[in-house]
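Good morning, and thank you for joining.

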Amino acid sequence: TPAGCRMWTLAWLGMASLCLGAAWAVPAKERRKVEKSKADLTPYENLDLDNYDLTLDNYGEILDLSNYEELYDYGDLAPKIEVGTLAPRPKDPEILPNVGATAETPKLQLPTTPGPMHPAPIPGTPAPPGLPSCLLCLCIGTSVYCDDADLEHIPRLPPDTTYLYARFNRIGAVRAGDFTGLKKLKRIDLSSNSISWADVDAFRLLPSLQELILPENRLTALPELPLSIVRLDARLNRIPSTGVRPEAFRDLKQLQFLHLSDNQLDFIPAPLPESLRSLHLQNNNIQTMHEDTFCDSQDHSQIRRALEDIRLDGNPINLSLFPDAYFCLPRLPTGRFS
């Protein structure tokens with residue numbers, strides 16, 4: 001009917017208007033967001049990000065570096081290291097690193113022959129002005145380190161050498177000229193070598209020598225010592241009593257430590273200087289003792305306060321048989337008393 005058609009038409013128009021209203025409402029809201037975003041990006045319209053590079057010229061405009069050093073102090077993380085001379089060369093030249101030497105940088109030429117670079121000096125001749133030992137060893141300041149360097153002879157040393165460490169090598173002898181002119185040498189450490197003999201004047205003419213360290217060698221006789229010696233360590237050698245000169249230590253007024261354990265001594269090498277503090281003679285073949293070995297039997301008021309450490313254990317001597325030999329000592333020797 002006409003009335004029904006009008007009602008259906010009105011209903012269709014109502015539905016269409018609702019749909020059109022919803023369709024226009026969403027884009028309007030989105031359009032406002034897009035317009036706001038475009039407004040926020042307006043200052044960057046002329047910025048070409050494809051060709052933009054951050055350089056040192058414009059870096060300061062972005063970050064404030066004026067107080068950077070105040071915030072981070074790395075001064076204690078980079079300590080200064082001062083090395084006297086060259087580090088030791090490798091035993092095998094093939095393992096040298098490739099440092100990329102250029103045409104202007106001369107390449108280091110290493111010797112191809114084994115052993116020390118220079119022969120042992122002739123006795124009585126001064127060392128050359130160069131420092132060959134610093135090519136074989138490590139020189140730091142006035143100390144020379146030649147440990148485990150496969151040496152068969154003591155190398156020529158810089159004239160101002162104060163400390164020498166040449167342990168764990170194959171040195172077989174010490175010659176009189178090995179230390180010629182080394183007036184500042186205070187310590188020589190030749191532990192764990194194969195030294196079977198030393199010239200009489202090998203150490204005696206060194207005016208500043210205080211410590212002579214010779215354990216674990218093959219010595220059968222002690223060399224003469226300078227008056228400045230404070231410590232002698234010749235443990236674990238093959239020294240008999242005949243290898244020690246009579247009264248060898250009497251005039252050594254600075255001697256404080258005398259360590260001759262694990263040798264072949266038959267008696268205590270008296271007289272001993274008043275300066276002595278420590279005497280180690282354990283594991284020898286000492287069987288008897290004189291009553292004046294440590295104390296003056298004619299002066300019962302004598303007191304040797306310095307001599308506090310005497311080791312005689314490991315010897316066949318019975319210390320209880322010599323009670324008058326210890327009256328001046330602050331403590332009894334260590335050893336067998338029965």
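This is a predicted model: local features need pLDDT of at least 70, side-chain atom pairs count only at pLDDT 80 or more; totals for chains, interfaces and linings use all residues.

Asp233 and Arg231 form a salt bridge, with 3.9 Å between the closest N and O atoms. By salt bridge I mean a side-chain nitrogen of Lys or Arg within 4 Å of a carboxyl oxygen of Asp or Glu.

Residues are numbered from 1 along each chain as its sequence is written, and side-chain values use heavy atoms, with hydrogens and water left out.

The whole structure contains 15 salt bridges.

One of these joins the side chains of Asp150 and Arg170, at 2.8 Å from N to O. Here the partners come from distant parts of the chain, 20 residues apart: Asp150 is in the loop between strand 2 (143-145) and strand 3 (163-165), and Arg170 is in the loop between strand 3 and strand 4 (173-174). Asp150 is partly exposed because its relative accessibility is 40%; Arg170 is partly exposed because its value is 43%.

Another salt bridge brings together the side chains of Arg304 and Glu274, at 3.7 Å from N to O. This pair also links distant parts of the chain, 30 residues apart, with Arg304 in the loop between strand 10 (278-280) and strand 11 (309-311), and Glu274 in the loop between strand 9 (257-259) and strand 10. Arg304 counts as buried because its relative accessibility is 4%.

Let me turn to the secondary structure. The chain has five helices and eleven strands, taken as DSSP runs numbered from the N terminus, with helices being H or I of at least four residues and strands E of at least two. In what order do the strands of the open sheet follow one another? Nine strands form this sheet, in the order 1-2-3-5-7-8-9-10-11, with mixed pairing; two strands pair if DSSP finds at least two bridges between them. Strand 1 (138-140) and strand 11 are the edge strands, each pairing on one side only.

Strand 8 (residues 231-233) runs parallel to strand 9, and three bridges join them. The bridge partner of Asp233 in strand 9 is His259.

Apart from neighbours within four places in sequence, Pro269 is in contact, that is with heavy atoms within 4.5 Å, with Val244, Phe249, Leu260 and Leu281. Pro271 lies in this loop too, and a cis peptide bond, with omega about 0 degrees, joins Ala270 to Pro271.

Two other loops hold non-glycine residues with positive phi. Asp148, with phi near 50 degrees, is in the loop between strand 2 and strand 3. Leu236, with phi near 55 degrees, is in the loop between strand 8 and strand 9.

What, then, of the interior? In soluble globular proteins, nonpolar side chains tend to be buried together. The largest nonpolar core here has 60 residues, and those with the most contacts inside it are Leu164, Phe179, Ile188, Phe203, Phe249, Met289 and Phe294. Such a core is a set of buried Ala, Val, Leu, Ile, Met, Phe, Trp, Tyr and Cys residues joined through side-chain atoms within 4.5 Å. Beyond four places in sequence, the contacts of Ile188 include Leu164, Phe179 and Phe203.

Finally, the chain totals. Buried residues make up 32% of the 338 residues. Of the contacts with a separation of 6 or more, 44% are between residues 24 or more positions apart.

Technical notes. Buried means under 20% relative accessible area, exposed over 50%, partly exposed in between (1.4 Å probe, protein chains only).
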